[in-house]
Amino acid sequence: MSETVSIPKLTKDDTKKLDGIFKRYPKNEASLIMVLQDIQDEIHWLHPDALDRTSEELDVPRGRVESVATFYRAFALEPRGKKLVKVCMGTACHVRGAGMLVDEIERQLGVTAGHGMSEDGLFSLETVNCVGACAMAPVVVVDDNYYAEVGTGKLEKIFKQERKS
Ligand code: FES
């Protein structure tokens, strides 16, 4: 059975954000990656309507926009929560239980690594390679906040804190 992801419409606020983004850059292909990065930062994923508009505004074929969007792993092509939870799966973190953290986060947030978001729309989960903080393994990063020596018992407190900030 195939899984379908329902696509929410762009909100008025999202459309305003897009207006602002397109005002910031010259309207040509050289702006493409910067525009996609800003869409990712401000709307948190590359909505198909935002890709259509990027194609029109920058006068770049839709297929070209799509191929750049799919090439870079940092771009999300499905709805993503406002905050990205990253679990480091580098060697140091892996041997200190990062796999168990992923399982527990998936359970607590009701997401799958790389897909979906928590019911409140706040969190998505991703596994990443070494984030350069091996001495603090296992490491969880929520947006720009690094959490060191994370055990499954610490997760609830981390999410509580992140919900408040
Ligand atoms: S392996 Fe996780 S920070 Fe290096």
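This is a predicted model: local features need pLDDT of at least 70, side-chain atom pairs count only at pLDDT 80 or more; totals for chains, interfaces and linings use all residues.

Colleague: What box do the C-alpha atoms fill along the principal axes?

Modeller: We're talking about a protein chain of 165 residues, with 21% of them buried. Taken along the principal axes, the box for the C-alpha atoms is roughly 50 × 35 × 30 Å.

Colleague: And of the contacts with a separation of 6 or more, what share comes from residues 24 or more positions apart?

Modeller: Contact here is a matter of C-beta atoms within 7 Å. Among contacts in the protein chain with a separation of 6 or more, the share from residues 24 or more positions apart is 58%.

Colleague: On to the helices. Are α2 and α3 roughly parallel or roughly antiparallel?

Modeller: Two packed helices are described by the angle between their axes and the distance between the axes. For α2 (residues 32–43) and α3 (residues 48–58), the axes come within 11 Å and cross at roughly 150°. Angles over 145 degrees count as roughly antiparallel. So the relation of α2 to α3 is roughly antiparallel.

Colleague: Which residues of α3 does α2 meet?

Modeller: α2 passes α3 in a right-handed crossing. The contact has seven nonpolar residues, one polar and no charged. From α2 come Leu 32, Val 35, Leu 36, Ile 39 and Ile 43, and in α3 they meet Ala 50, Thr 54 and Leu 58.

Colleague: How does α3 sit against α4: roughly antiparallel or oblique?

Modeller: The axes of α3 and α4 (residues 62–71) come within 9 Å, crossing at roughly 125°. That angle makes the pair oblique.

Colleague: How many charged residues does the contact of α3 with α4 have?

Modeller: The crossing of α3 past α4 is right-handed. On the α3 side you'll find Leu 51, Asp 52, Thr 54 and Ser 55, meeting Arg 62, Val 65, Glu 66 and Ala 69 of α4. By class, that's three nonpolar, two polar and, for charged residues, three.

Colleague: What about α2 and α4, is that pair roughly parallel or oblique?

Modeller: Their axes come within 11 Å and cross at roughly 60°. Angles under 35 degrees count as roughly parallel, and 65 to 115 as roughly perpendicular. With its angle, α2 is therefore oblique to α4.

Colleague: How many nonpolar residues are in the contact of α2 with α4?

Modeller: This crossing is right-handed. Leu 32, Ile 33 and Leu 36 in α2 meet Val 65, Val 68 and Ala 69 in α4. The contact has no polar and no charged residues, and the nonpolar count is six.

Colleague: Is Asp 38 exposed or partly exposed?

Modeller: Asp 38 is found in α2, and its C-alpha atom is separated by 9.2 Å from that of Lys 17, 21 residues away along the chain. Asp 38 has 18 C-beta neighbours inside 10 Å, so it counts as partly exposed.

Colleague: Now the backbone. Where is the residue His 44, with its positive phi?

Modeller: Most residues other than glycine have a negative phi, and most peptide bonds are trans. Phi of His 44 is near 80°. His 44 has 19 other C-beta atoms within 10 Å, so it is partly exposed. Its place is the loop between α2 and α3.

Colleague: And Asp 143, is that residue buried or exposed?

Modeller: Asp 143 also has a positive phi, near 50°, and lies in the loop between β3 and β4 (145–147). A count of 12 or fewer is the cut-off. With 11 other C-beta atoms within 10 Å, Asp 143 is therefore exposed.

Colleague: Last one: what is omega for the peptide bond from Ala 137 to Pro 138?

Modeller: Pro 138 is found in the loop between β2 (123–128) and β3 (140–142). The peptide bond from Ala 137 to Pro 138 is cis, with omega near -5°.

Note on methods:
Residues are numbered from 1 along each chain as its sequence is written. Axes are lines fitted to C-alpha atoms, for helices over the stretch in contact, and angles run from 0 to 180 degrees between N-to-C directions. Helices (H or I, at least four residues) and strands (E, at least two) are DSSP runs, numbered from the N terminus. A crossing is left-handed if the near helix is turned anticlockwise from the far one by less than a right angle, and right-handed if clockwise. Two residues are in contact if their C-beta atoms, placed from the backbone, lie within 7 Å. Ala, Val, Leu, Ile, Met, Phe, Trp, Tyr, Cys and Pro count as nonpolar, Asp, Glu, Lys and Arg as charged, and the others, Gly among them, as polar. A residue is buried if 20 or more other C-beta atoms lie within 10 Å of its own, exposed if 12 or fewer, and partly exposed in between; C-beta atoms are placed from the backbone.
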